[in-house]
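Open the model in a viewer and keep the selection panel at hand. The stops below say what to select and what is there.

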Amino acid sequence: GVSQGSIVGNGKAISALPVADGAATLKTYGQGDFATCVWVRDGDTGKWSDGELIGHLQGNKARMALEVFDGVQSVDRMKLVRRLDRLCGEFDKRLPILLQVNMGPDPRKFGVSCAEAPHLLEAALSTEFLEVEGLMTIAPLEDGTGISNRTFGQLRELRDDLSSRFSVALSELSMGMTGDLE
């Protein structure tokens with residue numbers, strides 16, 4: 001079981017989201033792409049949820065991502081780190097990010113390999129405008145919680161190793177999708 005954590009809502013493939021009930025209480029709302037980008041507002045406080053990109057980010061859409069999202073959970077390559085940092089400088093904006101790691105390795109998933117993760121982290125930590133908050137992975141699509149649990153455990157171990165090696169907190173772990181939640 002999970003001792004602590006938060007749930008990021010995802011409005012995959014919808015054009016509108018009800019603001020009532022549980023949807024409005026989410027602190028963070030994730031979007032996998034720009035086409036379905038909708039945000040949730042709490043009717044009581046009027047506060048909008050934080051919007052984070054949780055899907056793959058193509059380099060040519062990085063500028064749009066900075067205009068739309070409060071954070072990016074899918075930074076998976078050096079070129080994207082450099083582009084986001086440069087654009088953040090133009091916007092004078094600090095951007096919280098998670099580094100996406102392909103724990104599989106699953107050829108159907110995006111993400112840096114475990115072996116390359118230290119290099120990507122080092123590059124991201126050396127930027128002026130990016131704030132590395134942690135790591136993200138998506139488990140292989142195979143049935144059963146065993147594979148998901150093993151994948152998520154390996155990401156936690158990688159996070160612990162990188163935190164120690166680079167003396168950085170990496171307090172966020174983004175792991176899984178709806179089907180992984182028990």
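Start with a side chain in this predicted model. Select Q100 and F110: the side chain of Q100 reaches the backbone oxygen of F110 at 3.1 Å. Q100 lies in strand β5. Is Q100 buried or exposed? Its relative accessible area is 4%, below the 20% cut-off, so Q100 counts as buried. Now show what surrounds Q100. Apart from neighbours within four places in sequence, its contacts are Q73, S74, V75, D76, F110, G111, V112, M136 and I138.

Next, select the whole of β5, residues 95-100. Six of its six residues are buried, so β5 is largely enclosed by the rest of the structure. Which residues point which way from the strand? L95, I97 and L99 point to one side, while P96, L98 and Q100 point to the other. In a regular strand, side chains alternate between the two faces of the sheet.

Stay in β5 and select L95. With neighbours within four places in sequence left out, L95 is in contact with L66, D70, G71, V72, L84, C88, F129, L130 and E131.

β4 and β5 pair in the parallel sense over two bridges. To see the bridges, select V72 with its partner I97, then V75 with its partner L99.

Now go to the core. The largest nonpolar core has 31 residues, and those with the most contacts inside it are V75, L84, L95, I97, L99 and V101. α2 gives the most, with five residues.

That makes α2 the next selection. This helix has 14 residues and reaches 20 Å from its first C-alpha to its last, close to the 20 Å expected at 1.5 Å a residue. Colour its buried residues: L80, V81, L84, D85, L87 and C88. An α-helix has 3.6 residues a turn, so residues three or four places apart point the same way. What do the buried residues of α2 pack against? They pack against α1, β4, β5, α3 and β6. Just after the helix, select D92, which takes a positive phi of about 50°.

Move to helix α4 and select R165, which is found there. The side chain of R165 makes a polar contact with the side chain of D161, at 2.7 Å. R165 and P118 are 47 residues apart in sequence, and their C-alpha atoms are 8.9 Å apart in space.

Finally, select everything. The chain has four helices and seven strands, and read along the sequence they follow the pattern β-β-β-α-β-α-β-α-β-α-β. Buried residues make up 41% of the 182 residues in the chain. Among contacts with a separation of 6 or more, 51% are between residues 24 or more positions apart. The accessible surface comes to about 10300 Å², and carbon and sulfur atoms account for 51% of this surface.

Terms used: Residues numbered from 1 in each chain as written. Predicted model: local features only at pLDDT ≥ 70, side-chain atom pairs only at ≥ 80, totals over all residues. Heavy atoms only, no water. Core = buried A, V, L, I, M, F, W, Y, C linked by side-chain atoms within 4.5 Å. Buried < 20%, exposed > 50% of the residue type's maximum accessible area, 1.4 Å probe, protein only. Contact = heavy atoms within 4.5 Å. Polar contact = N/O pair within 3.5 Å; in protein donor to acceptor, adjacent residues only side chain to side chain. Expected span 1.5 Å × (residues − 1). Areas by Shrake-Rupley, 256 points an atom, 1.4 Å probe, with all protein chains shown as cover. Pairing = 2+ DSSP bridges.
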